[in-house]
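This briefing concerns one protein model and is arranged by topic. Please consult the sequence and the structure alongside the points below.

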Amino acid sequence: MGAGGRMSVPPEGKKSKSDVIQRVPHSKPQFSLGDIKKAIPPHCFQRSVLRSFSYVVYDLTIASLLCYVASTYIQFLPNPLCYFGWLLYWICQGCVLTGVWVVAHECGHHAFSDYQWLDDTVGLILHSSLLVPYFSWKYSHRRHHSNTGSLERDEVFVPRVKSGIRWISKNLNNPPGRVLLLVFQLTLGWPLYLMFNVSGRHYDRFACHYNPNSPMYSDRERAQILISDAGVLAVTCGLYRLTAAKGLAWVFCVYGGPLLVVNGFLVLITYLQHTHPSLPHYDSSGWDWLRGALATVDRDWGILNKVFRNITDTHVSHHLFSTMPHYHAMEATKAIKPILWNYYQFDGTPIFKAMWREAKECIYVERDEGDQNKGVFWYNNTL
């Protein structure tokens with residue numbers, strides 16, 4: 001990575017001096033959050049109800065058309081093509097519904113409109129339809145934004161220190177093992193995180209997004225956790241009735257398959273945003289909010305950047321100003337790059353190549369040997 005965190009590609013078969021990766025600065029930056037905000041045009045912080053709803057209507061219209069075409073015509077394809085048709089539908093529908101997921105995510109950040117009640121209503125409906133407990137995730141995700149990069153308090157994809165590495169990680173540190181772990185992570189990672197807080201912050205007792213008494217929630221939040229549960233339960237009951245009417249195979253093909261794709265994309269997007277060899281993590285002696293918020297990376301997903309509402313390539317600006325609507329994030333990102341300089345991280349490595357590299361090289365974090373910055377940890381891959 002050169003200036004601005006952009007990755008340079010060395011000639012085939014060769015590596016640059018630092019194996020292409022240059023670490024993000026971990027010292028306290030000379031700029032403040034206020035300095036960054038001043039560089040962004042004021043209109044980027046303005047939220048429009050009509051414009052936000054236009055994305056909801058657009059995505060749901062495309063999703064409805066895909067559902068209609070798939071459920072009506074794929075059944076008439078000959079057998080081999082029929083399977084391919086359903087697979088293609090799952091991928092396309094999963095991409096569109098990931099965009100819907102991102103809009104609901106914006107509602108959780110109060111970036112959808114100027115009205116909190118409207119944001120929560122839209123977010124609850126959209127997330128519940130994807131079997132996501134809206135308020136439960138909203139509050140745990142808010143704590144993730146408040147503690148990004150902290151080894152003790154961050155809520156998601158918290159890396160282990162070397163002493164905390166389990167035997168299974170050592171035994172699976174090989175190509176077949178990494179394939180197994182990635183498949184497991186992309187298929188079951190999201191539901192396991194919601195139910196058992198897998199890959200999340202360590203709590204002294206059982207943490208679950210469906211439990212209002214979970215240690216991740218405060219007393220004033222517990223009633224809304226029950227509302228989230230009710231939303232997911234209502235959709236589950238609807239799916240049960242639909243299964244009774246249409247059959248399990250039909251419901252899985254039309255709804256279950258795309259949902260698996262959405263869950264996989266959600267895990268992969270988040271994993272790649274917060275996992276990179278150049279990113280530091282901090283313990284309590286070295287962490288502060290701004291450096292933690294900058295310990296994330298923008299990625300290039302090609303055409304899917306637009307489909308995913310640019311959550312993929314504007315994640316740095318999102319962590320700095322999470323109430324900013326997604327349709328202003330690209331402009332804001334361009335505005336803050338000169339201020340952030342090497343603190344801004346962008347990696348244009350193809351996504352599947354980056355996924356494999358991060359699974360191989362980002363196993364645990366540890367301090368550099370002899371480093372005086374004792375609160376700073378970096379990814380390492382030597383087991």
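The points below cover aromatic pairs, charges over rings, annotated spans, a histidine, cavities and backbone angles.

The model is predicted, so local features need pLDDT of at least 70 and side-chain atom pairs count only at pLDDT 80 or more, whereas totals for chains, interfaces and linings use all residues. Residues are numbered from 1 along each chain as its sequence is written, and side-chain values use heavy atoms, with hydrogens and water left out.

**Aromatic pairs**

- The structure holds 16 aromatic pairs, where rings of Phe, Tyr and Trp (its six-membered ring) pair if their centres lie within 6.5 Å, and planes under 30 degrees apart count as stacked, over 60 as edge-to-face and the rest as tilted.
- Tryptophan 86 and tyrosine 89 form an edge-to-face pair, at 5.8 Å centre to centre and 75° between the planes.
- Both of these residues lie in helix H3 (residues 79–108), three residues apart, about one turn of the helix; helices (H or I, at least four residues) and strands (E, at least two) are DSSP runs, numbered from the N terminus.
- Tryptophan 86 and tyrosine 89 are both buried; buried means under 20% relative accessible area, exposed over 50% and partly exposed in between (1.4 Å probe, protein chains only).
- Phenylalanine 196 and phenylalanine 206 form a tilted pair, with 6.2 Å centre to centre and 55° between the planes.
- This pair links distant parts of the chain, ten residues apart: phenylalanine 196 is in helix H7 (residues 175–196), and phenylalanine 206 is in the loop between H7 and helix H8 (222–246).
- Phenylalanine 196 counts as partly exposed because its relative accessibility is 47%.
- Trp101, Trp137, Trp190 and Tyr193 are linked into a cluster by ring pairs.

**Charges over rings**

- The charged end of lysine 37 sits over the ring of phenylalanine 45, 5.2 Å from its centre; the criterion is NZ of Lys or CZ of Arg within 6 Å of the ring centre and within 35 degrees of the ring normal.
- The charged end of arginine 153 sits over the ring of tryptophan 287, 4.7 Å from its centre.

**Annotated spans**

- An unreviewed UniProt entry lists residues 55–77, 83–105, 179–196 and 248–272 as "transmembrane region"; such annotations may be inferred rather than shown by experiment.
- Residues 83–105 are 100% helix and 0% strand, with end C-alpha atoms 32 Å apart.
- Residues 248–272 are likewise 100% helix and 0% strand, and their end C-alpha atoms lie 34 Å apart.

**Histidine 144**

- Histidine 144 lies in helix H5 (residues 134–146) and is buried because its relative accessible area is 2%.
- Not counting residues up to four places away in sequence, histidine 144 touches Asp154, Glu155, Val156, His274 and His319, contact meaning heavy atoms within 4.5 Å.

**Backbone angles**

- Most residues other than glycine have a negative phi.
- Arginine 309 has a positive phi, near 60°, and lies in the loop between helix H11 (304–307) and H12.
- Arginine 309 counts as buried because its relative accessibility is 10%.
- Tryptophan 341, also not a glycine, has a positive phi of about 50° and lies in the loop between helix H13 (329–340) and strand S3 (346–347).

**Cavities**

- A search of the whole structure finds four cavities of 30 Å³ or more; on a 1 Å grid over the protein atoms alone, a cavity is a set of points where a 1.4 Å probe fits but cannot get out, and lining residues have an atom within 4 Å of a point.
- The largest cavity has a volume of about 90 Å³, a volume being the space filled by probe spheres set on the points, which are joined across faces, edges and corners.
- Of the 14 residues that line the largest cavity, the closest to its centre are Glu106, His318, Met324, His326 and Ala329.
- H3 gives the most to this lining, with three residues.

Key:
On a 1 Å grid over the protein atoms alone, a cavity is a set of points where a 1.4 Å probe fits but cannot get out, and a pocket is an open set with protein on both sides within 12 Å along at least five of seven lines; lining residues have an atom within 4 Å of a point.
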